Every structure is written in C-alpha cells, then in structure tokens.
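Open the model in your viewer and get ready to select a few things with me. We will go from whole domains down to single residues.

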Amino acid sequence: MAKVEVLFFDVLGTVVDWRGSIATDAQAFLQRHDAAGIDARALADAWIGRYSASSAAVRSGQRPFVPLDQLNLENLHASLDQFGLAPASFPAAELETLNQAWHRLRPWPDSVPGIARLKERYIVAPLSDCNTRLLADMAKHGGLPWDAILGADITGAYKPAPQVYLRACELLGVTPDRAMLVAAHDYDLDAARGCGLHTAYVHRPHAGDPSKAGAAPRPAGWDYAADSLTELVAKLP
C-alpha cells in the first residue's frame, strides 16, 4: 500500500448524526407552529429520504447542478406537504431556519477526538455532497478540525460520480493511491475504490439514508473497518 497522506471523510451519517440532529430541529419547528402531534423523527426521515433521488437528478443530467442547500429546501417543501402542512402557510424565514438545520448537524461523540488525532498524521478533509458554506458552518458549530473544506459546489457534482473523488485528490495534490475515504456507506466506498483510493469503513448503526432502509451492508473487503473513528486511529499506520 502506498503511503496515505490524505484522509477524506464522508460527512452525513459518518461524521455527524444527520437523522437525530434534523429530528431535533424538526421537533422545535413543529412545537412553534402547534403541530407537535406530528412525529418529528418521521418528518426528518421523510426529508432526508428525498436527498438521494434529488441528487440523482443532478448526476443523471436531468437538471443542472444546484447546491445541497437548494435541494434540501425543495425536499423540505415536499416533506411538509406529505404530512399535511402547507409550506405556504409558514413564513419563508421559518422554513429557511429549519433548512439551516443541515448546517448545525451534531458530530457523533467520537468524531471530533478521532479526527483530531488522525490530523496529527494525515491531512483531513470532508468529501461530501454538502456545499462549502454548509460544511464550514457545520465544522464551526460542531468543532470539526478539518485541514481543508471541499464542498460539492467546487466540483459541481454529487457522489458517487468519479470526478468527485478524483478532483478532491487533485485539489489536495495527491494521487488517488495516496488518499483514503473514510465512510459508513458501501456505495461511497465502492466508488472511491473504483477511483483508486484506499477505503476505511466505519460502522454507524443509525447512519443510513432512510429511503434505503432494509438494504443490507455488503461485506466488501475494505482496507480497514472500525466501529468508531477513535478505533480507526489505532488501526491506521
């Protein structure tokens, strides 16, 4: 194995608890608008569950690239409609505040200490479908100690398109065999491996996209596997 210099991290589900964080903000929103009878976790999962299909429309060329913030707002409107809440009945500022929940996603307890320790030996950076400002706000909110922040708006593409992984390597000045993706999602790791990156799987029981519930993870022979980022620290050279 070539000496790895850069660790790229998937963020949504791998580094941060997206489903739990968004459910918390959804609950506060529902309470403010006298809709506390609606299950906030179900609303959050419906919202997150639209993420894959909406980004797939960009990957397939059905629509031009737009940042995740815009996709999220469109998906929020559709999710509110699903639960009988007309988006037009809420002030636009309230919907924007709820949409900003993605900028405040909470790191898993091991994420900040794990990334900080890995940063001592590697360049560490997110490799995510989130746009750059979203990632910067999330890092500031959660104390994520990235060396660099590369949002999907830099490449103009969404994972698992190969250019996402290859352009990230180019921007940080490494060949793919000197980079590794750390992720909790098989499809992401598989795409990274197809581009020549090394792979590290981190098990997150509540990390999955709710639209893909029931999809069993595939034992795929990743280079490393761990139950947390702090455990991964001990396994990497």
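This is a predicted model: local features need pLDDT of at least 70, side-chain atom pairs count only at pLDDT 80 or more; totals for chains, interfaces and linings use all residues.

Residues are numbered from 1 along each chain as its sequence is written, and side-chain values use heavy atoms, with hydrogens and water left out.

**Stop 1: the two domains**

Colour residues 6–17 + 105–235 as domain 1 and residues 18–103 as domain 2. These bounds come from an automatic or database domain assignment. The centres of domain 1 and domain 2, taken over C-alpha atoms, are 23 Å apart.

Now look at where they meet. Here 29 residues of domain 1 are in contact with 26 residues of domain 2 (contact means heavy atoms within 4.5 Å). Domain 1 and domain 2 bury about 2200 Å² between them, with 57% of it on carbon and sulfur atoms. Buried area is the accessible area (1.4 Å probe) that two parts lose on being put together, summed over both.

How many residue pairs are in polar contact between domain 1 and domain 2? There are 13, both residues of each pair being at pLDDT 80 or more. A polar contact is a pair of N or O atoms within 3.5 Å; within protein, one must be able to donate a hydrogen and the other to accept it, and residues adjacent in sequence count only if both atoms are side-chain atoms.

Select α7 (132–142) and α8 (152–155): each supplies at least two residues of the side of domain 1 that touches domain 2. The largest share of that side, five residues, comes from α7. Helices here are DSSP runs (H or I, at least four residues), as strands are (E, at least two), numbered from the N terminus.

**Stop 2: helix α3**

Next, select residues 51–59, which form helix α3. Its buried residues are Tyr-51, Ser-52, Ser-54, Ser-55, Ala-57 and Val-58. Buried means under 20% relative accessible area, exposed over 50%, and partly exposed in between (1.4 Å probe, protein chains only). Show α1 (18–32), α2 (40–49) and α4 (68–82) as well, and you will see what the buried residues of α3 pack against. Just after α3, Gly-61 takes a positive phi of about 85 degrees.

**Stop 3: Asn-75**

Move to Asn-75 in helix α4. Is Asn-75 buried or exposed? Asn-75 counts as buried because its relative accessibility is 8%. Its side chain makes a polar contact with the side chain of Ser-54 at 3.1 Å. Leaving aside neighbours within four places in sequence, Asn-75 is in contact with Trp-47, Arg-50, Tyr-51 and Ser-54.

**Stop 4**

Return to α3 and pick Arg-59. With 34% relative accessibility, Arg-59 counts as partly exposed. Not counting residues up to four places away in sequence, Arg-59 touches Ser-52, Tyr-158, Lys-159, Pro-160 and Ala-161. The side chain of Arg-59 reaches the backbone oxygen of Lys-159 at 2.9 Å.

Follow the chain from Lys-159 to Pro-160: the peptide bond there is cis, with omega near 10 degrees. Pro-160 sits in the loop between α8 and α9 (162–171).

**Stop 5: Asp-34**

Finish in the loop between α1 and α2, where you will find Asp-34. Its phi is near 55 degrees, a positive value in a residue other than glycine. Asp-34 is exposed, with a relative accessible area of 76%.
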